[in-house]
Amino acid sequence: MDAKETTLWSRLINVAIKFRHRPEVGVILAFVVMSAIFSILSPSFLSLRNLTGMFTVVSELGIMTIGITFIMIAGEFDMSVSSVYALGGFLFVTLANGMNSLLAMAIVLLGAMVIGFMNAMVVLKTRIPSFIATLGMMMFLRGMLLAITGGKSVKYIGDSIVPAILSTRLPLGFRPSHFWFLGLTIVFSMILMRTRYGNWVFATGGDKGVARAMGVNTDRVKIINFMISSVLASLAGMMVITRFWIANASFGQHMELEAIAAAVIGGTFLTGGYGSIVGAFFGAFLMGTVRTGLVMSGAPAYWYRAFVGAILIIAAAINLKLRRQEM
Amino acid sequence: MQMRWGKLTFVLVLAGLLITGVAAFAAAKNYTVYVVVHGGIADPFWKVCEKGAKDAGALYPDLNVIYTGPASFKLEEFIADVEAALATNPDALVCTLTAPEAMDDILRPVIASGLPVIGINAPDLRPEAERIPVLTYIGMDSYTIGVTAAKETLKRFTPKRAVYVNHHPGATNIELRGEGWIDTMTAAGVTAEAIDITEDPIQGAEIVSAYLKAHPDTDVLFSGNTQRTETIIPRLEDDGIVVGKDIKIAQMDISSQILQYISDGKVMFTMDQQQYMQGYLGVIFAYLNVKYGLAPPPAPVSTGPGVVTAKDIAALTELSKEGYR
Amino acid sequence: MGHQGTPLVQMEGITKRYGAVEALTDVSIHVDRHEVLGLLGDNGAGKSTLIKVLAGVHPPTTGQVYFDGKPVLLKSPADARKMGVETVHQALSLVDIMTISRNFYLGREPTRKFGPFSLLDTRKMGQECRDVVTHVGVRVRDPNEYVSLLSGGERQAISIGRAMHFGAKVLILDEPMTALSIKEVRIILKEIEKAKDEGAAIIFITHNVHHVYPIADRFTILDRGKKVCDLDKNQASPEQIMEIVATGSMDSVNVV
């Protein structure tokens, strides 16, 4: 081997070794393996039609997962995301049926920011654990939505501007939501890993006392992250509405648990201070893939949930083992 | 030690999935018909429909029926399941038309490209010109269900206040039943409304109990789901309410327990939509269309509602136990 | 050790009340550059409370803090940090679950501009951090290792090194020797010496004089919120100082 070859080879090995330490390794491997298995069991699994179909569901879950990952790394939970998702969708339809849809979307995003801010205030002022506080918010918002709608669906009859931005099908079966998901993953991953703010997020979740002692405004970090979580959840809610053309109070129930599962599968710790947005990206893919793969393989329908549960436990355990090796 | 452990679990998952796959392959035949229902598939009502679909599939050696749906009713999951089914390029699709507006985008293109699609159980009740052009629809008119329930009730007595309990918020057909009930009752001068009892049987029972406390003049309740009624009646009896006297129950669908309730006088009557036939005929029509190009009878192929009262119980009890009714 | 002119830090007449409880009563201390002051007292004497005033965590009820003879108002830890006050508290200095380099720059991250965005200067973070950490005697393969892999002594050394690297003028060490092995204690003492040589004014808080005696120049002893005495090193032995701390008075001790 001449000198150039050795360096390239050893460089590749170096990259592989460094890559092993990243939180996303486990979930990416799992995703690849799972996709391989499903494509063997069902030849049309890798068809463009199916990939774009899965990408849609994954994008909606994934955008919510990005937000929840961000707040989890900061050491808090946001269980209210599923209700903000449903409420955001409903509010959007109600408003957009009577005004410019862009304006409606802006109002919904603003409203979500307010809800996120309220979540943060309750947690910071009352010192109730965020899991409980946001659980309460989740039930409150969901209940309010059920009361307002009486369980009835609301049809979308607004203009097609926001649907075109969010969900309307593009050539080859792709949708704008796919690109939103990709883009938001890149943006938030950069923020988390490559900015000062990201360092503060890690510190706030890793050890709030130390972070404050070093001058980080942990309160502000939490407020911002709660707001981000709600805004992204409402965005996802508007995406599903502009795809189904109806809004219903029952949308998104239990989705907060799916999002948390996706985050954990992607390498984020429940206890805070450690995690990955790229991991969340693949975690959402894993969650979205499994169900479809099982349907397409003709597997007994009653086993879906058990499978997803088993995968969650295995993935979380493997991630933890991998991290323990280097911490 | 750690790596071995990780490898072991990986192998286990792999094995599990391969077994599933082998099972699927073993069943692979010439024609694959996907039956996707809005569920929850664990609900005994849907088990009857599933039996119908599977029994039909067993009739022909070259017919493979894959029956699926969400474990408990969830619109987004149901739609994702339909999309997954379509992505396998099946020979035909039989599905409930639970949310027609949301299913427009998905079904119209495949119908246009020639895939046989048959609707069952939940109809598309928009104006004829707007409906999804399925080959046919097998089931009931949801609005009529509500009307029939009300008429049957009014035959027996004139209530002061009537309530409909919606167990699938978001399902258009379930909402329409409520509308049929309310419209007919209101026309007869009875105060009527619908309440949402969520997907959760326990929570739903609590909601009904609370409603009756808030509106003690309510004397008839129309329930669209057997499993829900089976949690509601015990809950109300817990409150000291004499079910069948203080409050009368109009029911939809059959189960062994419901038949028992009718026998005991707690439920006035129930209505049968013969969901076994929905699954059975759905599969048969789809298969005959795919294989021989035979066109099924036009929509709606009505499977009910047949009113079931105490005199019918003897005949039905055994069949209900076996899963046919 | 005597000092020329005004000491770098003076705290005059500090009283701190919490409702009806008086945690500090009219306490005055001072410490100068190149000097180590041992702040001693039993648990509950008020050492931490006093130091929190200097670190800007809470203001005194009455009293005044002086820097270089000038009165200052410390409204927040940020104010204190700007004046060059750094606190090293073993439990509160490093985040276990983050890497060494992220910890090192926590709150003071260097950035580079990429177009309109300010991103972390990771190259600088890696290089500089490795230099400082090696300088304080901690052998680290990669600044991207997690802090959880370090021993207590290594963490303390890095914390002190960090404080000095970012220009600490006043270094407050709060019980720095807790749970350290004898070898590690020696290493930390060396680091503190280095900091002293570099000109820092060091306040070493402990309730065990043996931790601080080797490098201290002076001692201030507190008891139940009040100052018992100021002593130069050559005025008392470690045992005598311990006696004062234990009894809370100078009565039973004969100092020089």
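Predicted model: local features only at pLDDT ≥ 70, side-chain atom pairs only at ≥ 80, totals over all residues.

Reply: Residues are numbered from 1 along each chain as its sequence is written, and chains are lettered from A and ligands numbered from 1 in the order in which they are written.

Me: Why is the set of 234 residues called a nonpolar core?

Reply: The term denotes buried Ala, Val, Leu, Ile, Met, Phe, Trp, Tyr and Cys residues joined through C-beta atoms within 7 Å. A residue is buried if 20 or more other C-beta atoms lie within 10 Å of its own, exposed if 12 or fewer, and partly exposed in between, with C-beta atoms placed from the backbone. The largest such set has 234 residues, and A:Met64, B:Val35, B:Val283 and C:Ile202 have the most contacts inside it. Helix α11 of chain A, residues 218-244, gives the most to this core, with 15 residues; helices (H or I, at least four residues) and strands (E, at least two) are DSSP runs, numbered from the N terminus. A second, separate core has 40 residues, including B:Val163 and B:Ile254.

Me: What makes A:Leu232 a contact of A:Met64?

Reply: Two residues are in contact if their C-beta atoms, placed from the backbone, lie within 7 Å. Leaving aside neighbours within four places in sequence, A:Met64 is in contact with A:Leu232, and also with A:Val81, A:Tyr85, A:Ala233, A:Ala236, A:Met255 and A:Ala259.

Me: Which parts of chain B are called domains?

Reply: Domain 1 covers 2-140 + 275-304 and domain 2 covers 142-272, with bounds from an automatic or database domain assignment. Their centres, taken over C-alpha atoms, are separated by 30 Å. In chain B, 15 residues of domain 1 are in contact with 18 residues of domain 2.

Me: How many residues of chain B and of chain A take part in their contact?

Reply: The contact takes 36 residues from chain B and 40 residues from chain A. The largest share of the chain B side, nine residues, comes from α1(B). That side divides into 17 nonpolar, 12 polar and seven charged residues, where Ala, Val, Leu, Ile, Met, Phe, Trp, Tyr, Cys and Pro count as nonpolar, Asp, Glu, Lys and Arg as charged, and the others, Gly among them, as polar.
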